[in-house]
Amino acid sequence: MKDRREGYRFLLPAAVVLLFVTVYPLFYVFWLSLHRRHLIFDISRFSGLENYAFLLQDERFLRALWNTVYFTVLSVGLELVLGMVVALSLQRAFSGRGIVRALVLLPWALPTVVSARMWEWMYNTDFGIINYLLGVDVNWLGSPFWALNAAVLMDVWKTTPFVALILMAGLQVIPRELYRSAMVDGAGSLYIFWRITLPLLKPVILVVLLFRTIDAFRVFDAIYVLTGGGPANTTETLSIYAYKVLFQTLQFGYGSTIAMVVFLCVGFISVFYVRLLSR
Amino acid sequence: MPRKPRKRLLKLASLLFLLAVALTSCQTEKREATEETVTIVFKHGKLAGGPEALRAILARFEAENPDIKVKDEVLPASTDEQHQFYVINLEAGSPEFDVLSMDVIWVEEFARAGWLRPLDGIFPPEEREDFFAGPISAVTYQGSVYAIPWYIDAGLLYYRKDLLEKYSMPVPRTWQELVSTAKLIMEKEKDIYGFIWQGKQYEGLVCNVMEYMWSRGGGLIDEDGRFNALKKENIEALQFIYDLIHTYRVSPPLVTTAMEETTRHIFGSGRAIFMRNWPYAWKIFEREGSAVKGKVGVTVLPAFEGYSSAATLGGWQLGVNRYSPHPEAAERLVRYLTSYEVQKEMSIKMGYRPPRRSLYEDEELRRAQPFIVELYPVFERARPRPETPYYMMITQVLQPEFSAAITGLKSPEEALRSIQRQVEYILKLEER
Amino acid sequence: MSRTLKKALNWLVLCVVVLWSVAPFVWQIITSFKPSAELATLPPLLPASPTLDNYISVFSDRPFGRIILNSLVVASLTTVLSILVGSLAAFGLAVLKPRGGYLFLGFVLTVSMFPPISTVSPLYIIIRELGLRDTVLALIITYTTFSLPLTIWILTNFFRSIPRELYLSARVDGCTSFQIFYRIFLPVAAPGLFATAILVFIFAWNEFLFALTFTSTVRARTVPVEIALFPGVHEMPWAEIAAASVIVTVPVVLLVFLFQRRIIEGLTAGAVKR
C-alpha cells in the first residue's frame, strides 16, 4: 500500500509538466477559438461559435482539409505497402545487415527541414536532378497537379524506413514453426502471406497505421519548407493554414479554431484505431 | 558503484543548465550601454551588392557619432518571413532592435498597431515634399509619418535589345505587341523563353497582377474607396495572364513558381526575350562577365490597347521601434540613412533608387547612373497596392486566388468573386 | 521459384531500397561542393572544380556556429530532463503500480497524439508572458514535455521487464523506493535509457514548429529554423544550403550509424511489445 502512495510522488513531476505544457494550453486554445482575437490591432471579444460557423463557408479551410486528407491517405497507404515489401525482403539475416539498416534509417533521422530543402532542390525545374534523370521538364512544385504528389513522394521517402523497421520487428515475433508447417502442407508463399503473416501482423500494422496517420495528418514542416502551401494553396494543409493565420497576421481567434479542428480530427483518428486494436 | 550514473547525470545536467543560462545572458550583456556609447540594432533584408557597401556607410555614421555603435542584422529572404519576424517580435514588445526596414505595405499596419515611433519631429512636411508621393502616402497614417522612405521600386520591362534589332521589331507598347513579338522571335531562335515574370504564390505575384489590372483600367479599389475586385477589366486582365502561359505560350509554366531571382537568372543567362522585374536587376546585367551585358534594354511596362501603363510601387522605409531603449540614437541613424548624401551614395554604389525627387537632378548621379535617372517618370506614376492596415490579411486572400487563376485552377471570374467575398468578410469584421 | 532466383530478387530489392534511401543525401553532398556558377548546369553531375567555399561561407557569413551550439544545448538538455522526469514516472508506473496507473499511461498516450499546432498559440502567449521568448529555455521546456510520452512509454516497458524480485529483495533490505530507483533500476535499465535518449535527442535536434515560433534571433535560433529561413537576396543560395544541411546532418548520421540497433529497439519497443 505504501508503494502505491509513493508511486504518485514519482508521477508528480511528469504530471505537472504535462498538465501545464499540454493540457492547459489545450483548454486555452479552445477558449481562444471562441474569440475574435487579433493581436496586431488589440481586438479581443467573445464571439461564441462564430469562428466555427465561418469554417464551413471558408473555401480555403475546406481546401486545406481536403489536401490534408489526400496527403494522409496517399502517403500512409504507399508507406505501408512499400514498407511491407522492404520488411519482407530484409527480414532474413544477411551479412552487412546492420549497415543496411543504418542506411535505411537515415531518411527517417534527418531533420525534416533538411529533407524538404533537399527535395526542393532536386525538384527544381531548371537545374533539378529529377528532371535531368527523367529527361523531362516538369514543374514539380509549381504545378497544382504535381505539387502535393511531390510532397507525398518526399514523405514516402522519409518515413517508409520507419514503417519497414517496425514491421520487421513484428515479423520477427511470428513463430517460425508456423511457416514451416505451412510449407510442409505445400502452401504457396502468397497463401502464407495472406493467411499467416498478415493476420498475425495485424496488431503491429494497426499501431504503425495509427502513428503514421496521426503524423501525416498534422504534417507541417515538410510541406511548409517545401512549397509554403503553394501553388494556389494546393499543398496547404490544415496545420500550415492554421500557422499562417496565427503567426502571419496574428489572428489568434480564428487560427486557434483551425488548430482545434486539427486536434479533433486527430482525436477521431486515434479513437478509430484504438477501437480496431482493442477488438 | 551504482551511485555513479546518477552523479554523472546530475553533473552533466547542471553543466548544460549553466551553458543554457550563459547563452541566454550573453546577448543581453552586449546590448548594455557603457557610459560613453550606446549600441543600436538595425534590422534589414539582405541588400544587393554584399554587406560591405552598407558596412562602409554605417562606419561613417559611427565615425560621425562616436557615442553610437550600430549592429546591423540581416533578416530572412522572403518578405513574408520578414513580416512574420517583425509581427511576432513587435507584438511581444521586443526591445531587441531599434531601427527596422519595412516594405511599403507594412507601415500602416505597424502604425495602426502602435509599434512605431511617430517621426513627424525629424521629418518635417517641407522635406516630405521632395519625396515621391507614393512612398510618402505609404508612411503616413492618420496624419502622422511613421517611417522615412529609404529607396523606391517599381515594376519595369526588361528586353533583349540585340534580339529586337536582329528581327527589327519595335519595343512593345501594348501587351498584345509583346505577345506577337515574343512569338515571332521564339519561332526563329532556339531554346528561348518569350516573357518571364514572378508568378509564385507570394507578394510578388500580387505586384505583377496589379500591373495588368491597372493597365486595363481596372484595380481593386474603386474611386469611392470601396473594395471592388469583381469587374470586367480585372477579369480580362487575369484571363490575359493565364493566356500568356496556356494559350499564347510565351511564358513558360515555370513562371508559376518564379520569384525575382529565378527570372533574373534566366534572363541573365540569355534565355529569355522579355522579363518583368524591379530595377535592381539592371546593375547585375551590366556587370563585367554578364552574358547579356550591353544587350539589355529597359522600359515602362506595356499596357492594354487604349490604356496607359502602370507599375506597382515597391520599396523600403526605415522606422523606429516604439520599444527601442535608445530612440534618439535610432532616430539619428534613420535621419542619416535617408539623407540626401547616403541615398545618393546607395544609388551610385549599390544601384538603389532614391525616393527624393531632387536627386534625379543631381549632376553626379545623372552621370554615374543615367539608367536610374531615366526611371523618374515611372516612379512618379508608380501605384500603391491597397493602402490599409489590413493589407496583410487581404493579401493572404489575393495570393492564393491569383495563383489559382493563373494556373487555371479557377476561372478569373471565380477567383475574383471569391476574393470579393473573403475581403468583405475581413473588412466588415474588423471595422466593427 | 528457384532458391537462387529468390535470393537474387531479394538482393535486388535490397539494393533498390538502399539506393533510394541514400541517393538524395548523396546528391546534397555533391551539391555542397559545387561552386555557385556550376549549379545552373547539368550535366556534369559531379562538380568540375569542387570547392569548400560553401562550407566556409556558411560559417563566415552567418552565425552558424552559435546556432549549432544552441541546437546542441537544447537537444542535450531536453534529453537529460526528459530522461530524468520520464524515468521517475516510468518507475512509478511499472514498479510501484499506483492506483490509476493505467489511467495515467492512457493519459500520456493521449498527450503524445496532441498535434503541436493545437498548442502553439497558447504556448506562445504563455512564453511571452513569462518573458521566455527567444530563449533556449522556452524550447527546452516545450521539447521536454512533448518528448515525455515517448520516454515514459518506452521506459515503462523496460522497467516492467526487470524482474520484480529485484525490487522486493531491496525493499526487504530496507532501501527506500527512491534508492531502489537510482541504485538498482536505473543502472539495470541503462540500455533502455540510452535508446530513449537517442530518440529524444533526434526529436529535439529536428523540431521546427515551436523553434520557428518561439525564437527570433541567433540568441536561441536552432538549426532547422536557420536552414528554413536561409537568407538570400531574392532566391535560395542552394550550394550553401546544401553545405549547411550536410553539416547539421552529421550528428544525426553518427548517431544512426553508431546506435542503429538501439534506435530500432527504442522505436519498436512501443509498437511491438504491447
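Entry 1: I looked up where the domains of chain B meet, and found 13 residues of domain 1 of chain B in contact with 11 residues of domain 2 of chain B; two residues are in contact if their C-beta atoms, placed from the backbone, lie within 7 Å. I note that this is a predicted model, in which local features need pLDDT of at least 70 and side-chain atom pairs count only at pLDDT 80 or more, while totals for chains, interfaces and linings use all residues. Residues are numbered from 1 along each chain as its sequence is written, and chains are lettered from A and ligands numbered from 1 in the order in which they are written.

On the side of domain 1 of chain B that touches domain 2 of chain B, helix H3 (79-91) and helix H4 (107-113) of chain B each supply at least two residues. Helices (H or I, at least four residues) and strands (E, at least two) are DSSP runs, numbered from the N terminus. The largest share of that side, three residues, is from H3(B). By class I read five nonpolar, four polar and four charged residues there. Here Ala, Val, Leu, Ile, Met, Phe, Trp, Tyr, Cys and Pro count as nonpolar, Asp, Glu, Lys and Arg as charged, and the others, Gly among them, as polar.

I then checked the bounds: domain 1 of chain B is 33-152 + 315-381 and domain 2 is 156-310 + 390-431, as given by an automatic or database domain assignment. Their C-alpha centres lie 28 Å apart.

**Entry 2: chain B as a whole.** I found 19 helices and 11 strands in chain B. Of its 432 residues, 49% count as buried, that is, with 20 or more other C-beta atoms within 10 Å of their own; 12 or fewer is exposed, in between is partly exposed, and C-beta atoms are placed from the backbone. The C-alpha trace spans about 80 × 60 × 55 Å along its principal axes.

**Entry 3: strand S10 of chain B.** Strand S7 (residues 156-160) of chain B pairs with S10(B) in the antiparallel sense over four bridges; pairing needs at least two bridges found by DSSP. Opposite Val298(B) in S10(B) stands Tyr158(B).

**Entry 4: Pro237(C).** I located Pro237(C) in the loop between helix H11 (223-228) and helix H12 (238-272) of chain C. Pro237(C) counts as buried because it has 21 C-beta neighbours inside 10 Å.
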